[in-house]
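Dear colleague,

Please find below the structure that I am handing over to you.

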Amino acid sequence: MTPNKKTTLAVSTLALLAWSGAALAETTVDFTVAEYSSKTGPYFEEVAAAFEAENPDIDINIEVVPWDTLLQRLTTDIAGGAAPDISIIGTRWLLDFAEQGIAEPVDDYLTPEFKDTFIDTFMAPSVIDGQIMGLPVAASARAMLINKDLYAEAGATPPTTWDELYEASKKISEETDAFGFGLQGKEIETDAYFYYSLWTHGGDILKEDGTSGLDTPAALEALTLYKKMLDEGLTQPSPTNYSREDLFNLFKQGQVGAVFTFPMLIPQIQAEAPDLNYEVMEFPVATTKATYGVTDTLMMFADSDVKEEAWKFIEFAYKDEWRTKFDRGEGFLPVTKGVAAEDYYTTDKDIAGFAAGLPHAKFAPTIANWEEIADVTVRAVQKVYLDQATPESALTEAAEQINSIRGK
Amino acid sequence: MKSLDGMKPLLMILPGLALAMFIIGYPIYDLGFTSLQEVSRFGKLLGFVGFDNFREVFSDPLFWASLNRTVIWTVTVVLSTLIISLPIALILNDDFYGRGLARVIIMLPWAVSLTMTAVVWRWALNGRAGLLNATLMNMGLIDEPIEWLAEAQLAFTVEILVGILVSIPFTTTIFLGGLSSLPRDSYEASMVDGATRWDQFRHITLPLMKPFINIAIVLNVIYVFNSLPIIWVMTEGGPANGTDILVTYLYKLAFRFGQLGEAAAISLIMFGFLLLFTIIYVALVMRGERQTDTIEEDE
């Protein structure tokens, strides 16, 4: 009989707990979190627990979803009427969410003091038609990594301009077994690898009037330079067989002198190639200093019934103590001024190297059909690497296609 | 009473038929409906647009290039698979020492998921770190690493070869099943008449195997035509869309570009293609059988 009694007791206790839990936590805020690493889930659970301790009447329900399936997941949730209250999303999706009336403008919630905690550069991509549609939640910038040993072996000086990078790459390709410069040619962000050159040559993805910036002299110069370096053997051969990860592997193996990359490569190098003697540098410049800034956005859903509570949690989660933990844990650059001022972000030479580019960071434009436009750009770049088209004809054709996608 | 007896079999398969019609029919109805709508990237239907999605698909040069490549992909993979699988099945059907092991080895690729096979090949074919180049260079066959997947034509050829490799086990199994059902006495009789092994193959095995070859063709065409993993994992249809077949292009349209309406239109076109192929093929086969039957009766 004892076990039965025990069970009954346990069940009634559970029921009581559940009941009292329900009585205390009157509102539940559903929060969909994108999984950056294995640390993401536990981190947000910790924030939620701390918040719930202060606000016993609000229950934060965290759901961690991998990046690969996030958009598809949100799409199904929205279509099925089961959308969360807040979610982390890629900023490039924000326009679609805003246009369909799924995202809630946050201007009314955002107090001037809270707004002032953000670095303005990172706020900009979330502004659509003058309304702030979300808050920056994670940011990274790109930079160049050079292999110092290869540079020393070839007697080359670390480059700050494209001319210097060209000369240095030539030396490395001639003097060592390695290639001077790693060129990405396939899959995700192949277009970004071209934008790095485009921006530093003074071009941009879109012109002032909203038409494609690929048919400009700057774009032609940028792509011609890549093609020239490829033809002269300064890059690894056949870039169209090298994805971003393939390129990083070449760099870790010491087979290329320089690559363009994101901060998340640093922990990889420390784990897989601890002896690699590298330095983080800003992108080489032709006419303009630039880097690629990438942000993710914390978005509130227009259909949410608990916006006040959700916002309370958001303000809590943006306190410096939590932001520091998040940014350092995931290897991101700070989006708030408080965290950016910390010593770590100015003294750690790797992080400082990436953060240095921030003042002149460029962002992917928030425009409709962005993925398709990126794909057109990738195709143009690949055709040039494969000798199927000259830089001029490939870029002109791509610009025409992009303009027709944009309806310009 | 007679007519009711005639209806009985039909009545008995009715529940199964209805279920099948529902399972197959509803998605097709849904596809057809979606393909006539403007669809947001979140799957919301924004209104009827008639045949706009189809018009856009047909005016897209990438669609025609993908269609063209789909035909090449399907025909070469299926034909080569058949040509290779038949002798393999014949050999494996003979009794020899270690036949069990040989059968296992041939079937093994089947046990691995297509995606995994493709991932392994992608690694093996990597230019600088890949196993294939390393092996070839160690054997002194090449001096410089070959970038197998860098250029569309070579990449597509390699993908076709992988496609053949993964289709062999299934096809061989069908053939083995067919071979084991062939009557032994026909062979014994032909041996008495002094037939060579080639004669036996030409006049006994091949004609008797015809139904199995036909089913292998139809099933393989359907599988290969719709096969996404190999090409998607190895090249994602690139470089410069040079290895895109319809199904990879469709996947990009739907899940990258969010153009669900156009993607639905292409799905429908692909379904139409396969349906048409199957109907024509089955009709041809049935007519062929009827003709042979009449000839035999005439004799």
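Predicted model: local features only at pLDDT ≥ 70, side-chain atom pairs only at ≥ 80, totals over all residues.

**Findings for chains B and A**

Residues are numbered from 1 along each chain as its sequence is written, while chains are lettered from A and ligands numbered from 1 in the order in which they are written.

Chain B contains 12 helices and 2 strands; helices (H or I, at least four residues) and strands (E, at least two) are DSSP runs, numbered from the N terminus. Its elements follow the order α-β-β-α-α-α-α-α-α-α-α-α-α-α from the N terminus on. The C-alpha trace of chain B spans about 80 × 70 × 30 Å along its principal axes.

An unreviewed UniProt entry annotates residues 67-281 of chain B as "domain: ABC transmembrane type-1"; such positions are given in the numbering used here, feature names are shortened, and annotations may be inferred rather than shown by experiment. Over residues 67-281 chain B is 77% helix and 0% strand, with the end C-alpha atoms 20 Å apart.

Turning to chain A, the domain assignment gives domain 1 (25-140 + 294-363) and domain 2 (142-292 + 367-406), with bounds that come from an automatic or database domain assignment. The centres of these two domains of chain A, taken over C-alpha atoms, are separated by 30 Å. In chain A, 17 residues of domain 1 are in contact with 18 residues of domain 2, contact meaning C-beta atoms, placed from the backbone, within 7 Å. On the side of domain 1 of chain A that touches domain 2 of chain A, α4 (94-99), α17 (349-355) and β12 (361-363) of chain A each supply at least two residues. Helix α17(A) gives the most to that side, with 5 residues.

Strand β6 (residues 135-141) of chain A is largely enclosed by the rest of the structure, because 7 of its 7 residues are buried. β6(A) pairs with strand β11 (residues 291-300) of chain A in the antiparallel sense over 6 bridges; two strands pair if DSSP finds at least two bridges between them. Within this pairing, Ser140(A) has Val294(A) in β11(A) as its bridge partner.

Yours sincerely

Technical notes:
Contact = placed C-beta atoms within 7 Å. Buried ≥ 20, exposed ≤ 12 C-beta atoms within 10 Å, placed from the backbone.
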